Amino acid sequence: MNTEEFKEQLSAFVDDELWAEEQAFLLRRLTQSDGTREQLARYYLISDTLRGNLGPAGSRGLSARVAAALEAEPALSGARQSWGSRLLRPAAGLAVAASVAALSVGFWTTQPQAPATSASQPLTAGAATSLISPANQTSSPTMPVSQHWERLDPEVQKRLNGYLVNHSEYSAERQVGGVLTYVRIAGQQNAE
Amino acid sequence: MRNKLLSSCTRTTVLGWLLLVASAAQADDSAQAQRLLTGISEAARTTSYEGTFIYRHRGNLEALRVVHKVSEEGVRERLYALTGPAREIVRDNEKVSCYLPDDREVVIDRLQLQNPLNGAVPKDVDGLLPHYRLDLIGDGRVAGREAVQIGVWPRDEYRYGYRFWVDRATGLLLRSDLMSGEGEPIEQLMFTELLAPAEISDAALQPSVEGYDFSWRRLEEGPTATVPTQPSAWAVEELPAGFELAVHEMRRLPGSDEPVEHLLFSDGLTNVSVYIEKINPEESFSGHSRVGAVSAYGKAVDTHQVTAVGEVPQITVETIAEAVRLSENGSAQAN
């Protein structure tokens, strides 16, 4: 986490926009760094000033609020917070799969593009299932022929990783009590 | 002569009875396998457990630990790697948090509460039978616990097979082998230790990574999936037998400026997702790839990228992706 991200995190904490999990991590960090606590105190001061909450005794409540927050750390772990206003940066949400790095979707074979046809039925919102053609007319498809392998462009990898993570949401409940899908994320450090 | 005839009749009768008994036994085994299969998901929804397991795929071997707590608040789970980077995944009823120390990031992803497949593992086992054969293989032992081994064998080349070891005491899954068409394990997961204590502390569900300087990423506020508001420009035809459309929605995915059309196909046990999104032609991609047991296949159609991913053989993702085509009026609409 760089300095700007940390400042953003502190600011979000002051605005009560952090998830409980993130609060717990931040508060643990605060307990170990005087400088960080002072930085947080400044943020509270700024926040109170901007909102007109600063009483006649100046920052009288400031230290108490910080202390109270620190003391309450264990209790924070179960608290529910809003998703907040800090949005995911573009492509950052694929970090799950990005963490899986090249292991996730590393290589593609080149493949000739199949021509589109116009003899199909359109999908319609909410009622697509009934419009699907019967599923039993499979016509002896052939396995794709690999031509040569090449490493994916990083942007393509990110896109595919996003698909993988999203698809996992739907598969998680169907396999091994939900474990296996996430095992692929947590346990693949040396995959292809 | 008469004796010979009688003897022949007797043999035929005995053989007939034996076949009948064998057939009945086979049906009984299949029914028992169905009950065990259905019970796996039910056990996971109702049983708290913690244990260590190994995960093996394509020559890689990893050890992980899982803590799974069922309470009035629902199911909460913590999964963390014991080998390699200390990745942890913590999920509850509404979100999954991925702690990724090797990337110094934490990713929080909100789960789809309306996921129609939740808890449907598999809802209709009978519906699987045209596409899978269920076997009761016999007794087994995993992690020092008595288990029953069942087999789920595909009847065609479009899906993988499974071997499951089910804990006799709890109904939990102790071991899972995903099998290729050649009968080779593609992906294996096996508990080496499993306990089902009456109580699991909340502390055991807390991540242990320090993460002081991690970046935190999360999806934006608001629903990430919506029902399409207009007819799709895309049509689906010639799916592999047994696969049906289970979900059709517009998704907001990280990294995509516009909503992505998501089609989820399921045969009751196996899922394949198709994602369709508008894309700069220079960024399109075509071909196959694979991660673990997940296959992926992409193709470009006009200005769109169509990609299928799922825990299926390559031929299945390709067939399904190729079955998704622009409809008659779709070309103008899609552009």
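Phe53(B) has Phe191(B) in strand E11(B) as its bridge partner. The model is predicted; local features need pLDDT of at least 70, side-chain atom pairs count only at pLDDT 80 or more, and totals for chains, interfaces and linings use all residues. Residues are numbered from 1 along each chain as its sequence is written, while chains are lettered from A and ligands numbered from 1 in the order in which they are written.

**Strand pairing**
- Strand E1 (residues 49-57) of chain B runs antiparallel to E11 (residues 185-195), joined by eight bridges; strands pair if DSSP finds at least two bridges between them.
- Nine bridges join E1(B) to strand E2 (residues 60-71), also antiparallel, and Gly51(B) stands opposite Val66(B) in E2(B).
- E1(B) and E2(B) form a hairpin with two residues between them, and Arg58(B) in the turn has a positive phi of about 45 degrees.
- Chain B contains three helices and 21 strands, which are DSSP runs (helices H or I, at least four residues; strands E, at least two) numbered from the N terminus.

**Contacts**
- Ile320(B) touches residues including Phe243(B), Phe265(B) and Val274(B), not counting residues up to four places away in sequence; contact requires C-beta atoms, placed from the backbone, within 7 Å.

**Confidence**
- Chain B averages a pLDDT of 81, with 79% of the residues scoring at least 70; pLDDT is the predictor's confidence in each residue, from 0 to 100.
- Among the elements of chain B, strand E8 (residues 145-154) has the highest mean pLDDT (95) and helix H3 (residues 330-334) the lowest (54).
- Over residues 113-121 of chain B, pLDDT stays under 50.
- Where pLDDT is low, the predicted coordinates should not be read in detail.

Technical notes: Contact = placed C-beta atoms within 7 Å.
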